[in-house]
Amino acid sequence: MRTILVFLAVALAGCANPSVVRVDSSAIGSMHITRVYVPRFEGNPEFVEESTDMFIAELEPRIHAKISQGSAIRQESADILAGGNLAPTDAAIAQAKRAGAQVVVLGKVTSYRSGATLNGFSTVRVIDVDSGNVLASFHRPSGLLIGYSEHQGVMAAVKRTAEDVAKALR
């Protein structure tokens with residue numbers, strides 16, 4: 001019985017994925033945020049549209065600021081499809097300024113399936129439009145012990161980052 005428990009503990013530890021949470025509470029607290037700009041998330045094209053919609057649906061009722069949803073900042077390239085970086089900050093800030101936002105939220109979703117394991121991830125940065133400073137960064141795995149699809153994992157991760165952003169912007 002002990003051998004089985006040790007095996008399960010090792011297996012579960014191997015499935016663990018780190019979270020990154022960094023928030024500059026003092027900078028956010030000094031801002032008067034009335035509008036947040038959220039361009040379409042980047043990443044696997046199978047997930048980006050619904051990930052962006054879900055993020056906004058989860059965030060909107062939790063904050064007082066109005067959310068402006070934008071389109072893609074750049075077209076999917078091989079780099080993005082392979083899990084590349086977030087969209088260029090300068091382009092996102094320019095779109096956010098046109099929308100009258102004080103904050104832009106950049107997001108990216110990824111996933112993996114490897115044999116019997118799978119997971120989804122959401123990475124989000126909250127950026128001050130005036131200064132270009134990163135106010136908060138979040139990277140979350142799905143947090144699911146058992147998942148049935150990469151899509152389910154990605155959506156669970158997106159929900160977690162929306163909750164993180166809501167807490168930071170309150």
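A residue is called buried when its relative accessible area is under 20%, exposed when that area is over 50%, and partly exposed in between, with a 1.4 Å probe and protein chains only. T52 is buried, with a relative accessible area of 0%. The structure is a predicted model, in which local features need pLDDT of at least 70 and side-chain atom pairs count only at pLDDT 80 or more, while totals for chains, interfaces and linings use all residues. Residues are numbered from 1 along each chain as its sequence is written, and side-chain values use heavy atoms, with hydrogens and water left out.

The chain contains six helices and seven strands. These elements are DSSP runs numbered from the N terminus, helices being H or I with at least four residues and strands being E with at least two. Read from the N terminus, their order is α-β-α-β-β-α-β-α-α-β-β-β-α. Of the 170 residues in the chain, 42% are buried. The chain exposes about 9100 Å², of which carbon and sulfur atoms supply 53%; accessible areas come from the Shrake-Rupley method with a 1.4 Å probe, and for residues only the protein chains shown count as cover. A contact means heavy atoms within 4.5 Å. Among contacts between residues at least 6 apart in sequence, 64% join residues at least 24 apart.

Strand pairing is considered next. Two strands pair if DSSP finds at least two bridges between them. Strand β2 (residues 35-38) runs parallel to strand β4 (residues 66-69), and four bridges join them. Within this pair, V36 stands opposite I67 in β4. Strand β2 also pairs with β5 in the parallel sense, over two bridges. Here Y37 has V104 in β5 as its bridge partner.

Strand β7 (residues 134-141) has antiparallel partners. Strand β1 (residues 20-23) is joined to β7 by four bridges and runs antiparallel to it; the bridge partner of V21 in β7 is F138. Strand β6 (residues 117-128) is likewise antiparallel to β7, with seven bridges between the two, and V126 stands opposite A136 in β7. The hairpin of β6 and β7 has five residues between the strands, and G132 in this hairpin takes a positive phi near 80°. Strand β7 is mostly covered, since six of its eight residues are buried. In a regular strand the side chains alternate between the two faces of the sheet.

T52 lies in helix α3 (residues 48-59). Leaving aside neighbours within four places in sequence, T52 is in contact with V38, P39, R40, F41 and Q69. Q95 belongs to helix α5 and counts as buried because its relative accessibility is 17%. Beyond four places in sequence, Q95 touches Y37, P39, S71, A72 and I73. A101 is located in the loop between α5 (89-98) and β5 (103-114). A101 also counts as buried, because its relative accessibility is 8%. Residues up to four places away in sequence not being counted, A101 touches R35, V36, Y37, A96 and V129. A101 and S68 are 33 residues apart in sequence, and their C-alpha atoms are 8.0 Å apart in space.

R113 is found in strand β5. Apart from neighbours within four places in sequence, R113 contacts L118, Y148, S149 and E150. P18 lies in the loop between α1 (2-15) and β1. P18 is exposed because its relative accessible area is 62%. Outside four places in sequence, P18 is in contact with H139 and P141. P18 and G143 are 125 residues apart along the chain, with 10.0 Å between their C-alpha atoms.

The second largest pocket was also described. On a 1 Å grid over the protein atoms alone, a pocket is an open set of points with protein on both sides within 12 Å along at least five of seven lines, and lining residues have an atom within 4 Å of a point. The volume of the second largest pocket is about 170 Å³, a volume being the space filled by probe spheres set on the points, which are joined across faces, edges and corners. Its lining consists of I28, G29, M31, I33, R62, I63, H64, A65, L169 and R170. The lining residues divide into six nonpolar, two polar and two charged; Ala, Val, Leu, Ile, Met, Phe, Trp, Tyr, Cys and Pro count as nonpolar, Asp, Glu, Lys and Arg as charged, and the others, Gly among them, as polar.

How values were computed: On a 1 Å grid over the protein atoms alone, a cavity is a set of points where a 1.4 Å probe fits but cannot get out, and a pocket is an open set with protein on both sides within 12 Å along at least five of seven lines; lining residues have an atom within 4 Å of a point.
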